[in-house]
Structures are given as C-alpha cells and as structure tokens.
Amino acid sequence: MSKVLENRQLNEDFWLLKAACSDQPAPGQFYMLRSWTEYPLLSRPISVFDADADSVSFLYKVVGKGTRLFTELKPGDEIELGRALGNGYSPVHGKVAMVGGGVGIAPLYLAAKTALQNPDTTVDLYLGFSGTPVLEEEYRKVCTKLDVKVGGFITDDIEPKDYDVILTCGPVIMMKVLYRKCKEQGKADALDISMESRMGCGIGACLGCSIETSNGMKRVCKDGPVFKGSEVFFHE
Ligand SMILES: Cc1cc2nc3c(=O)[nH]c(=O)nc-3n(C[C@H](O)[C@H](O)[C@H](O)COP(=O)(O)OP(=O)(O)OC[C@H]3O[C@@H](n4cnc5c(N)ncnc54)[C@H](O)[C@@H]3O)c2cc1C
Ligand code: FES
C-alpha cells in the first residue's frame with residue numbers, strides 16, 4: 001500500500017493524484033490502481049504522469065465508478081499501486097514530437113521531461129482538449145514548443161515530415177489519423193502509439209486486453225501499451 005500525498009481537481013473532469021513510491025517507472029508505463037476493497041472487482045490501469053525518487057503522480061479523468069472513487073482520496077489515505085507495468089516508450093532523441101488527446105496527454109509529461117534531458121533533443125508537444133486545458137504551464141516547462149488546441153483536431157497542426165520520432169497517446173481515431181498523415185509523409189515507422197484496452201489482470205495472464213496486430217494477437221498490458229503505429233494500424 002502507498003500513502004496518498006496529494007489529490008487535487010484540475011478542471012471539471014481531470015484530477016492529479018500523487019502517491020508515495022520509490023519505483024523508477026519508465027515513461028509510458030502504468031500501474032493498476034485500487035483504492036477500494038471489494039467493488040469494483042478490477043483494479044484500474046492509469047499511466048505514470050510523473051515520478052521522482054519518492055513519489056509517482058497520475059493524471060486521471062473521471063469516467064466511471066473506479067475513477068470516481070479515486071476522487072475521494074485524501075492525503076494520508078492508502079492506495080494500492082502494485083508495480084510499474086508494461087513496456088513504456090523507447091528512449092527517444094533528435095527532433096521529437098509528442099501528440100496527446102484528452103487524458104492521453106498523461107504519459108507524455110514524463111516522456112517529454114525525460115527526452116529533453118538529452119542535449120541533442122528537441123521536443124514539440126501537441127496537446128488537444130475538448131474542454132478546459134489542464135497543466136499547460138507544467139507541460140510548457142518540459143518541452144521546446146507547446147501547441148495547445150481546444151476543440152478541433154490537434155493532428156491538423158503537426159507535420160510528421162519535420163520529425164525523427166513521434167509519440168502519441170489518446171483516442172484511437174486520433175492516433176489513426178496521425179498514422180495516416182505519417183504514412184503520407186514517409187514517416188510511418190517514426191510513430192509509436194500507446195494503446196488503451198479494458199484490462200483484467202494487467203500482467204499478461206488473462207488475455208483480456210489482447211488486440212490484433214500485424215504480428216498476431218498482442219496483450220496491451222504486457223506486450224504494450226506502446227506499439228509501433230504500423231503494427232496496430234496495418235490495415236490503414
Ligand atoms: C494502459 C492504460 C493506461 C491508462 N492511463 C490512463 C490515465 O493516465 N488516466 C486516465 O484517466 N485513464 C487512463 N486509462 C483509462 C482508465 O483505465 C479507464 O478510464 C478506467 O479504467 C475507467 O474506470 P472506471 O471504473 O472509472 O470506469 P468504468 O465504470 O469501468 O467505465 C466507464 C466508461 O468508460 C469506458 N472505459 C473504461 N475503461 C476504458 C478504457 N481502458 N478504454 C476505453 N474506455 C474505457 C467504459 O466502457 C465505460 O463506458 C488507461 C488505460 C490503459 C489501458
Ligand atoms: S489485462 Fe490480463 S492479459 Fe492484459
């Protein structure tokens with residue numbers, strides 16, 4: 001069990017939760033969070049937003065029973081985190097773009113912060129929101145250029161040909177549109193996507209999160225959640 005250090009509401013839907021933890025999770029990894037004993041049955045997968053030597057933070061959107069229960073947590077309460085799961089984004093350098101939609105912006109904070117530590121790397125962040133944007137100033141500090149769009153399509157703003165690597169997380173339709181644009185501009189292999197799927201165990205045992213890829217069925221929790229865009233959108 002971990003101690004909750006902070007849990008604050010950022011806008012109508014988004015909350016930031018910080019818990020004591022001495023793991024060193026990689027950007028793009030996630031934890032199976034649980035702040036209840038019996039119901040709901042399953043823990044909930046939430047990406048690492050940020051981490052330091054003593055804590056890990058999560059940016060979460062309230063969509064149902066589990067995430068609503070997270071909002072009741074107060075500093076000093078206990079939460080079950082388990083351990084960091086999944087593969088995470090591969091280390092990146094060069095001209096990097098990161099494209100997030102909605103709560104899909106969550107894993108890109110630590111990804112950008114980590115990438116920007118390489119002296120030969122620039123990180124342009126493209127964040128799309130349907131409602132009030134959150135944490136704009138925090139994101140600005142971990143990138144070279146920040147583009148925030150409210151409403152509309154954040155994928156309209158990026159030119160994939162300008163980048164060596166592109167990381168994305170968000171609604172599947174957004175990531176698919178981005179993949180098509182990458183492909184048109186000869187950058188299909190530059191795109192890494194973080195997939196979402198309903199999860200049971202989170203550790204590769206139940207197969208409940210499996211998706212079809214060009215290399216057969218893959219488990220989002222264990223083989224992912226990060227995949228090459230071309231592996232998942234191979235029909236495009
Ligand atoms: C690897 C991974 C990382 C994630 N990272 C984050 C994160 O950083 N922040 C965050 O807020 N959320 C994240 N999610 C999504 C989060 O796990 C779900 O929103 C959460 O489990 C919903 O639980 P609930 O009990 O509140 O909603 P439920 O009551 O279970 O469901 C409410 C509604 O949300 C839909 N829903 C639930 N889970 C998902 C899902 N995984 N994909 C699509 N629709 C879903 C349901 O179909 C239903 O309509 C992540 C999911 C995965 C797989
Ligand atoms: S959630 Fe059980 S195998 Fe992925």
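Strand β1 (residues 2-9) and strand β2 (residues 14-20) run antiparallel and are joined by 5 bridges. Strands here are DSSP runs of E with at least two residues, helices are runs of H or I with at least four residues, and both are numbered from the N terminus. Two strands are taken as paired if DSSP finds at least two bridges between them. The structure is a predicted model, in which local features need pLDDT of at least 70 and side-chain atom pairs count only at pLDDT 80 or more, while totals for chains, interfaces and linings use all residues. Residues are numbered from 1 along each chain as its sequence is written, and chains are lettered from A and ligands numbered from 1 in the order in which they are written.

A hairpin of 4 residues leads from β1 to β2, and within this pair Glu6 lies opposite Lys18 of β2. Strand β2 is also joined to strand β6 (residues 55-61), again antiparallel, by 7 bridges. Along that pairing, Trp15 faces Tyr60 in β6, and Ala20 has Ser55 of β6 as its bridge partner. These strands belong to an open sheet of 5 strands with antiparallel pairing, ordered β5-β6-β2-β1-β7. At its edges stand β5 (50-51) and β7 (78-79), each pairing on one side only.

At the level of the whole chain, the secondary structure amounts to 5 helices and 15 strands. The C-alpha trace spans about 50 × 40 × 35 Å along its principal axes.

The chain is divided into domain 1 (2-79) and domain 2 (95-194), with bounds from an automatic or database domain assignment. Their centres, taken over C-alpha atoms, are separated by 23 Å. Where the two meet, 15 residues of domain 1 are in contact with 13 residues of domain 2, a contact being a pair of C-beta atoms, placed from the backbone, within 7 Å. On the domain 1 side, β5 and β6 are the elements that give two or more residues, and β6 provides the largest share, 3 residues.

The largest nonpolar core holds 68 residues, of which Met98, Leu108, Ala112, Leu125 and Ile166 touch the most other members. Such a core is a set of buried Ala, Val, Leu, Ile, Met, Phe, Trp, Tyr and Cys residues joined through C-beta atoms within 7 Å. Helix α2 (residues 106-115) contributes the largest share of this core, 7 residues, and each of domain 1 and domain 2 supplies at least three residues. Leaving aside residues up to four places away in sequence, the contacts of Ile166 include Ala97, Val99, Pro160 and Leu191.

Note on methods
A residue is buried if 20 or more other C-beta atoms lie within 10 Å of its own, exposed if 12 or fewer, and partly exposed in between; C-beta atoms are placed from the backbone.
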